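Reader: I am new to this structure. Could you show it to me and take me through a few of its details?

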Amino acid sequence: MVTELPVTAKVAARALEIRRSLATRIPTVDLFIAATASVSGLPLVHRDSHFQSISSKLLHQQPLG
């Protein structure tokens, strides 16, 4: 089952918050993915190492080996 979640003003604001917290840049689309998960209260399950630079205060995540 695929659930679509909209990019709202709250998601865009969280994406900016995440971007500002990072020492290095990550792709904008990945910022929106992380922000959508964060605002929705969902964990981000991923294999992309650059997500790990996002603070656990801003995003609950579960990296896969």
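Author: Let us begin with Gln61, which is buried, with a relative accessible area of 17%; buried means under 20%, with a 1.4 Å probe and protein chains only. This is a predicted model, in which local features need pLDDT of at least 70 and side-chain atom pairs count only at pLDDT 80 or more, while totals for chains, interfaces and linings use all residues. Residues are numbered from 1 along each chain as its sequence is written, and side-chain values use heavy atoms, with hydrogens and water left out.

Reader: Which strand is Gln61 in?

Author: Gln61 belongs to strand β2, residues 61-63 (strands are DSSP runs of E, at least two residues, and helices runs of H or I, at least four, numbered from the N terminus).

Reader: Which side chain makes a polar contact with that of Gln61?

Author: The side chain of His46 does, at 2.6 Å. A polar contact is a pair of N or O atoms within 3.5 Å, one able to donate a hydrogen and the other to accept it; residues adjacent in sequence count only if both atoms are side-chain atoms.

Reader: Changing topic, at what angle do α1 and α2 pack?

Author: Helix α1 (residues 9-21) and helix α2 (residues 28-40) pack at about 115 degrees, with axes 8 Å apart. Axes are lines fitted to C-alpha atoms over the stretch in contact, and angles run from 0 to 180 degrees between N-to-C directions.

Reader: And what does Ile54 touch?

Author: Leaving aside residues up to four places away in sequence, Ile54 touches Ile18, Leu22, Ile26, Ala34, Leu59 and Gln61, where contact means heavy atoms within 4.5 Å.

Terms used:
Buried means under 20% relative accessible area, exposed over 50%, partly exposed in between (1.4 Å probe, protein chains only).
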